[in-house]
Each structure stands twice: as structure tokens, then as C-alpha cells.
Amino acid sequence: MNLLVIGGSYFYGRVFVMEAVKEHTVTVLNRGTYSMQEFGVKEIRGDRHDGAVLAQCSEAYDAVIDFCAYEAGDVELAVRKITGQIGQYVLISTVDAYERGSGVVKTEEHALEHRAFPGEAGAYIAGKVALEEEIVRSCGERQIPWTVLRPAILYGPYNYAPREAAYIQMLLQNRALPRFVDADGRFQFVYVKDAAQAVLRVLGNEKAYRQAYNLCQDEIVTYDSFLQALREAAEPAALEGLQEIPITVDSAMAQQVPVPFPAKEQETELCSNEKSRRELGLSYMTLAEGMGRTYRAFRSVFAP
């Protein structure tokens, strides 16, 4: 297949491209901050909001995979300005797009969130919700099949966000990890390579047309189980002299200790992966295996 990837040089997109080039022809449109040429892809450099840049995408694409649509209008502009044929449009959204506070495990039929929330997180949610509605409208008007993927918290090699890597750095360089005494929040991860496999499974898959899929591991994770998985991933030498420092969530945030996952039960929002397992045939890596791979990938970066 001939694929156009919008974004694709960071974390999720990068891992997808590394997998996709094994069997597909890939063109990457991004700002060129990180070159992807070493993977044998074509590159179009520029801002995705520039119609002239989008017009350079002039081939017949079996699918467009959009990793960096964040603002209302991003999908509409892409489908209008890409001059090549679009066989399928795949939007990377998020489980955070669901309406919050219901207390139920969310399937893909759950309502999306239309309330406004403050800050960057609120803007991110509002943007993804708007884009999910936009893809239905914009692609529907042009009879372009579409698919939406909603990953939970992504982790794994190449993750530039200060999440699991920040804790690996603390373990290796400071020989210390926090032990949150009042964190009762629960959350879900998805290993980045599993999420990349989900994209491959929907490409040209008519069963996935006009469908959305949650992507999340089977396990429900807490801070305790996350930190335990990290300790189990580390080699014995890295655990010598390791201190576990009791701390409250509020104190950690005040001291700028990373608290990147939901820390309180009232923040807990859980989703079902049953549809992605049933319709896409996905299986999800365990936290133990995924954290082991992630730890080994970052060990060479942070080892003193």
C-alpha cells in the first residue's frame, strides 16, 4: 500500500513508520525536526496547516494516517488540500475524548465529551472531540472511508513525554523512586508497538471503515503496580541502594516530582478493549513485558 503519514517523526508515529516501511511505501509529511529518511521513506517538509504544503501530497494514497491533528479544522483542511487520492483516512484520537465522570467502563459507543475544561488538557480534549466529529462530516461528504483509533496512555521506546522515562531516569541516576501514600487512581496503558500494529490492522480493512477503536492493555494499573513493574524490569545492580521515598501526591506536585497519570480515584476513567480484540484481532502486551522493553531502551540513555 502507498501511505501518507502526517506527523510521524515522534513517538507513536515514528514507531508506526518503522513498522510500516517493512511492507508498505510511506511518505511522511512533517516539519522535518527529525529526519525519517534513514527508514527509507519519502519526506515532504512543511507545516500541515499550509495548504501549499498539503498540495504537494499528490500521489494516490491507499490511506492517510494523521498522527498530529489537534485543532478543529485540521482534518477538513487536509482532505480539501491534499491533491492526491485518499483511499482511507485514519485519525489518531484518544480515550480522553469520552465524556467523563460516568463511572462506567467505556465502549466505543460512549458519548464524547462536550464540556469545556481549562488548561492545555482541556484544549487537547476539545480539539480531539471536534476532530472526531469533523472526520465523519468531511470524509463522509467526499465518500472517503475513515477510521478513528483511541489509544490510552502510550508508553514505550522513543516516548518524549515525561512519563515512564522520568521514573526510569530517577531510578538510574538518583537511585530513588517515590512511593505515593495517597494515590488511589487507576489508569490504562498501551504499549506503543501494539498501538502501531492497530494502525496496520485497519488499513484497507473494510470492517474498520466508519468505526472507532479503543486501544488499551488488559491490565488496570495503579501507581503501585506501575512502580513495581519498573522495579522488576530493572537489573539487580540498578536496585542496589534504591530508596523508596514516601510522599503525598500534593507534595510531589509541589516539589515537581512527575505525577503524569491519574492519581485520584475521581480521575479514574476506564475503557474496554474488547472491540479491538474482536474485530482487529489485536492482543496486548503485558505491563511486565512492555515495561521491561521500555526500561532496556532507556537504560542506555540514562545510565550514569
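Me: Which residues are linked in a network of salt bridges?

Reply: This is a predicted model: local features need pLDDT of at least 70, side-chain atom pairs count only at pLDDT 80 or more, and totals for chains, interfaces and linings use all residues. Residues are numbered from 1 along each chain as its sequence is written, and side-chain values use heavy atoms, without hydrogens and water. A salt bridge is a side-chain nitrogen of Lys or Arg within 4 Å of a carboxyl oxygen of Asp or Glu. The linked residues are Glu76, Arg80, Glu141 and Arg142.

Me: How many residues apart are arginine 80 and glutamate 76 in helix H3?

Reply: Their side chains form a salt bridge, N to O at 3.2 Å. Helices (H or I, at least four residues) and strands (E, at least two) are DSSP runs, numbered from the N terminus. An α-helix has 3.6 residues a turn, so residues three or four places apart point the same way. H3 covers residues 74-81, and this pair is separated by about one helical turn because the residues apart number four.

Me: How many residues apart are glutamate 76 and arginine 142?

Reply: A salt bridge joins these two side chains as well, at 3.2 Å from N to O. The pair links distant parts of the chain: glutamate 76 is in helix H3, arginine 142 is in the loop between helix H4 (119-141) and strand E6 (146-151), and the residues apart number 66.

Me: Is arginine 142 buried, partly exposed or exposed?

Reply: Buried means under 20% relative accessible area, exposed means over 50%, and partly exposed is in between (1.4 Å probe, protein chains only). Arginine 80 has 45% and counts as partly exposed. Arginine 142 has 30% relative accessibility, so it counts as partly exposed.

Me: How far apart are the closest N and O atoms of glutamate 274 and arginine 278?

Reply: Both residues lie in helix H10 (residues 274-280), four residues apart, so about one helical turn separates them. Glutamate 274 is partly exposed, at 40%. The two form a salt bridge, and their closest N and O atoms are apart by 2.3 Å.

Me: How many salt bridges does the structure hold?

Reply: The pairs include arginine 80 with glutamate 76. Glutamate 274 with arginine 278 is another one of them. The structure's total is 21.

Me: Which element gives the most to the lining of the second largest pocket?

Reply: A pocket is an open set of points on a 1 Å grid over the protein atoms alone, where a 1.4 Å probe fits, with protein on both sides within 12 Å along at least five of seven lines; lining residues have an atom within 4 Å of a point. Here the lining is Met170, Asn174, Ala176, Leu177, Pro178, Ile245, Ile247 and Val257. Helix H5 (164-174), strand E8 (176-180) and strand E11 (243-247) each give two or more of these residues. The top giver, with three residues, is E8.

Me: How many nonpolar residues are in the lining of the second largest pocket?

Reply: Ala, Val, Leu, Ile, Met, Phe, Trp, Tyr, Cys and Pro count as nonpolar, Asp, Glu, Lys and Arg as charged, and the others, Gly among them, as polar. The lining has no charged residues and one polar residue; the nonpolar ones number seven.

Me: How much space lies in the second largest pocket?

Reply: Grid points are joined across faces, edges and corners, and a volume is the space filled by probe spheres set on the points. For the second largest pocket that space is about 150 Å³.

Me: Which residues form a nonpolar patch on the surface?

Reply: Patch residues have over 30% relative accessible area and no salt bridge; like charges are joined within 9 Å, nonpolar side chains (Val, Leu, Ile, Met, Phe, Trp, Tyr) within 5 Å. Areas come from the Shrake-Rupley method with a 1.4 Å probe; for residues, only the protein chains shown count as cover. Tyrosine 34, in the loop between strand E2 (25-30) and strand E3 (42-45), is partly exposed at 43%. With about 360 Å² of accessible area together, the patch residues are Tyr10, Tyr34 and Tyr160.

Me: What is the phi of glutamine 143?

Reply: Most residues other than glycine have a negative phi. Glutamine 143 lies in the loop between H4 and E6 and is exposed, at 74%. Its phi is positive, about 55°.

Me: How many residues of helix H1 are buried?

Reply: H1 spans residues 11-20 and is mostly covered. Its buried residues include Arg14 and Glu19.
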